[in-house]
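Hi,

Here is the structure I promised to pass on.

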Amino acid sequence: MTTDRKPLILNAFEIGASGLQAPGLWTHPDDHSRDYNKIEYWTNLAQLLEKGKFNGLFIADVLGPYDVYNGPHNFTAAASSGAQFPINEPSAVVSAMAAVTKHLTFGITFSTISEQPYHFARRLATLDHLTNGRVGWNVVTSYLDSAARNLIPEGELPPREKRYQRAEEYLQVIYKLLVSSWRDDAVVVKNRVFTDPTRVREINHEGEYFKVPGPAITEPSPQRLPVILQAGASKEGIDFAARNAEIVFLTNFTPESLGAKIEEIKQVAAKYGRQDDIKFLQLITIVVAPTHEEAEKKYKDYKAHGDLEGAQALFSGWTGIDIGQFGEDEELRDTGSNAVKGFVDNWTKLGPGESPDIKKTRKYVADQITVGGIGPVFWGTPTEVADEIERWVDISKVDGFNITYAVSPGSFEDVVNYVIPELQKRKLVWEEYPEKPTTYREQVFGAEFVNEHHPAHKLRWTPQYTKEEFDAKLAADSQ
């Protein structure tokens, strides 16, 4: 282990539904994720994570049911198994969790097709105010047509390239509203003046997809711009992340492939003058117990509660390919679908006693999904799990992990009680939060705002400029 390593970033990975990456495990007697629609579920989880010194909680989201499997428009498997359906809106619980914690940060998933950027900018700023700057936005463009049918006039998702072009403009509008519309010191609250009107300006954005004159209707929030997160793995998604993301979420099955993906994104980011100002987090599930035998027993017990139909609904939604069209005993490597073959070829995670030469059929892949979803499972004793975490860090140079659950809150309790103490012994994670509560960006980057290489940096209206001077500066910068 190297001695100059920075503490790993540890996020818990959740969703406003039961069984995020573990379809069917709501049937396990130790799982309480069915209580996702009760506020105590979230406040108790937040306090547990802060007790364990987690950096943050990342909340995933989808905007429609998984209805590709045995489709079209067939959400039977998703509904019966509870595979991310039903699902609640992700931001509603954040203020309550912030009220019972001081340090835990919150990454919230919102799609650029879910609402107009003018309204969403207010949502972001409000959350940033109410959490004292502990919020980030996971920017997604959506991948389920079941969402598009209800949210966009065309009734189906545009091609990926168009989705990201629209998302880029959406993000530019957010930048302008939150960073360029109000000067840092616009709110004065003295001499019977609340806001100095000379320090507020319209953004007058006119683009291909949006026309937003402004001004923003929220005052500058603690971070000005919540932390930007992103999880796209496509060519377009990587380019979008390289330009805009501060934290990138990845899912790979080996540390070698993870390291290669990190390097790929860094190389693209370098074209935009960025590279070292992006952090990378890998999705994992941890199954841990005091002994190896107990951990193996626990893993197998979890698998026995998995729902294979729900797993196939998720697989089909993730890939866009109806896995139900293939025979139950058909080797998925032999299908005509490159999407499925690529997905299965990368599937290298193995459970106890499984051979890497096992035939990868529909049932096999579905069974693997039931614990860990599309990410690897680290299982064993605290020492074995910590060894695996350390191995991945040393090989891939990843900055941290998005840790999801098999059962909630039990999986997170096990991480807090068994794994984090072992990581602390190895100086892989911090033992305490900073003495003074910090914003999300300060916690991760030690910085108050994005650095000079981020596209939002030059858009910030600071007190050194009058309105006229700032308008001139923006005009000059755009040429």
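Predicted model: local features only at pLDDT ≥ 70, side-chain atom pairs only at ≥ 80, totals over all residues.

Residues are numbered from 1 along each chain as its sequence is written, and side-chain values use heavy atoms, with hydrogens and water left out.

Overall fold: the chain has 16 helices and 13 strands (DSSP runs, H or I of at least four residues for helices and E of at least two for strands, numbered from the N terminus). Along the principal axes, its C-alpha atoms fill a box of roughly 70 × 50 × 45 Å. Of the 479 residues, 56% are buried (under 20% relative accessible area; exposed is over 50% and partly exposed is in between, with a 1.4 Å probe and protein chains only). If you take the contacts (heavy atoms within 4.5 Å) with a separation of 6 or more, 76% come from residues 24 or more positions apart.

Now the glycine: Gly306 sits in the loop between helix 9 (292-304) and helix 10 (308-319). Is Gly306 buried, exposed or partly exposed? Gly306 counts as partly exposed because its relative accessibility is 21%. Leaving out residues up to four places away in sequence, Gly306 touches Pro23, Leu25 and Thr370. Ala245 is another story: 61 residues from Gly306 along the chain, with 34 Å between the two C-alpha atoms.

Cheers
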